Amino acid sequence: AKTRGRSRYEFFDVELRERVQRQLRLEQDLREAVVDGQLWMAYQPVVDLRTCRTVAVEGLMRWHHPTHGAISPVEFIPLAEESDLINLIGDYMLRTTTEEIASRRAARDLDTRLTVNLSARQLDDAALVPTVEEALRRTGLPPRTLCLEITESALMRDPEAAGEVLSALRALGVRLAIDDFGTGYSSLAQLWRLPLDTLKIDRSFVAGIGRPGKSEAEAIIRGIVTMAHSMGLTVIAEGVETDEQIEVLRELNCDQAQGYRFGKPMSAEELFPSLPG
Ligand code: C2E
Ligand code: CA
Ligand code: CA
Ligand code: CA
């Protein structure tokens, strides 16, 4: 038993070392990825539950690594957040998404809005507000068609400081959304002071619809929708994969939804194929 314990310990040790080494390598690689054009933006449709129309697309970052292939943002965004890379990557993201969506809106007269993710570290960056302003100015995207998503946990780190940045962003005319709502234990009292337009219900609650214990998931969603609507917020449900979830979300008065059932994240070209000529 003793030797088994030890070998298991050594196994974990090797595994840990390999994980740390991979992270260090990836951090270096990520620096090159921005310059090298290995990053690209995928877009997932956001659908109005009443009209079934795509009202917006969410920009989600993708990294095609030259040797490791596709690396998930769940892995590389936290890495970037540990260094200043997140600001470089965030600039790339804002520039690319506003350009890609503004040009497609113009080419086919679409009113599809754009929503993108901001990380906690970007909120601390003094250059954020001018960067957003510049992206809007350069692309001519009307400010009201851009929404910035910030996770509940990023907002709750320092709600007062976050509130100031959000107000400055709001003054540009952009919309603001709280992302992954329900996972960060924030209270209504902390939220209602923030200048928010939209609340996105975390997909863990949506996944509870149609499963054992679903009545609890549905009760929680009902509560969130009621609260959000009383605050004047639009509610989006994330991670919708089944028709049953769509039905229940409609009954629960949820406004919009996104998820694999409506469309997976895809390139701008796949989502809006080039017009002939
Ligand atoms: P998120 O903002 O909550 O994005 C939704 C995630 O759920 C995406 O994962 C999306 O592909 C996935 N998803 C969409 N529909 C479904 C579904 O029906 N079922 C399931 N199981 N999953 C679904 P993705 O693209 O891997 O992104 C993960 C997270 O990485 C995002 O979570 C966001 O927090 C972060 N992220 C992605 N792109 C960016 C970015 O450009 N900047 C920053 N700061 N963070 C980003
Ligand atoms: Ca998001
Ligand atoms: Ca989310
Ligand atoms: Ca998430």
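Student: Which element gives the most to the lining of the second largest cavity, and how do you know?

Tutor: Helix 3 does, with four residues. A lining residue has an atom within 4 Å of a cavity point, and a cavity is a set of points on a 1 Å grid over the protein atoms alone where a 1.4 Å probe fits but cannot get out; a pocket, by contrast, is an open set with protein on both sides within 12 Å along at least five of seven lines. Keep in mind that this is a predicted model, where local features need pLDDT of at least 70 and side-chain atom pairs pLDDT 80 or more, while totals for chains, interfaces and linings use all residues. On bookkeeping, residues count from 1 along each chain as its sequence is written, chains are lettered from A and ligands numbered from 1 in the order written, and side-chain values use heavy atoms, without hydrogens or water.

Student: Which residues line that second largest cavity?

Tutor: N87, G90, D91, L94, Q122, D125, A127, L128 and T131. Helix 3 (85–108) and helix 5 (128–139) are the elements giving two or more residues each; helices here are DSSP runs of H or I with at least four residues, strands are runs of E with at least two, and both are numbered from the N terminus.

Student: How much space lies in the second largest cavity?

Tutor: About 50 Å³. A volume is the space filled by probe spheres set on the grid points, which are joined across faces, edges and corners. Among the 14 residues lining the largest one, A56, R113, T115, C147 and I236 are closest to its centre.

Student: How do the residues lining the largest cavity divide by class?

Tutor: Seven are nonpolar, three polar and four charged. Ala, Val, Leu, Ile, Met, Phe, Trp, Tyr, Cys and Pro count as nonpolar, Asp, Glu, Lys and Arg as charged, and the others, Gly among them, as polar. By those classes, the second largest cavity has three nonpolar, four polar and two charged lining residues.

Student: And what lies nearest the centre of the largest pocket?

Tutor: E58, L60, P73, V74 and N117, out of 39 lining residues. That pocket has about 1100 Å³ of space.

Student: What makes a residue a donor for the calcium ion (ligand 2), and which ones are they?

Tutor: A donor is an N, O or S atom within 2.8 Å of the metal, or 3.2 Å for Na, K and Ca; water is not among the atoms, so sites may look incomplete. E58 (OE), N117 (OD1), E149 (OE) and D179 (OD) lie 2.1 to 2.3 Å from the calcium ion (ligand 2), which falls within the 3.2 Å limit. E58 in strand 2 and E149 in strand 5 are 91 residues apart.

Student: Which residue bridges the calcium ion (ligand 2) and the calcium ion (ligand 3)?

Tutor: D179, with the two ions 3.9 Å apart.

Student: What makes W63 and F76 an aromatic pair, stacked or edge-to-face?

Tutor: Rings of Phe, Tyr and Trp (its six-membered ring) pair if their centres lie within 6.5 Å; planes under 30 degrees apart are stacked, over 60 edge-to-face and the rest tilted. The count by this rule is one pair. The ring centres of W63 and F76 are 5.6 Å apart and the planes at 90°, so the pair is edge-to-face. W63 sits in strand 2 and F76 in helix 2 (residues 73–82), 13 residues apart. W63 is buried at 1%, and F76 is buried at 0%.

Student: Last one: how do you know which residue lies over the face of Y260?

Tutor: A charge sits over a ring if NZ of Lys or CZ of Arg is within 6 Å of the ring centre and within 35 degrees of the ring normal. K264 lies over the face of Y260, at 4.6 Å from the ring centre.

Key
Buried < 20%, exposed > 50% of the residue type's maximum accessible area, 1.4 Å probe, protein only.
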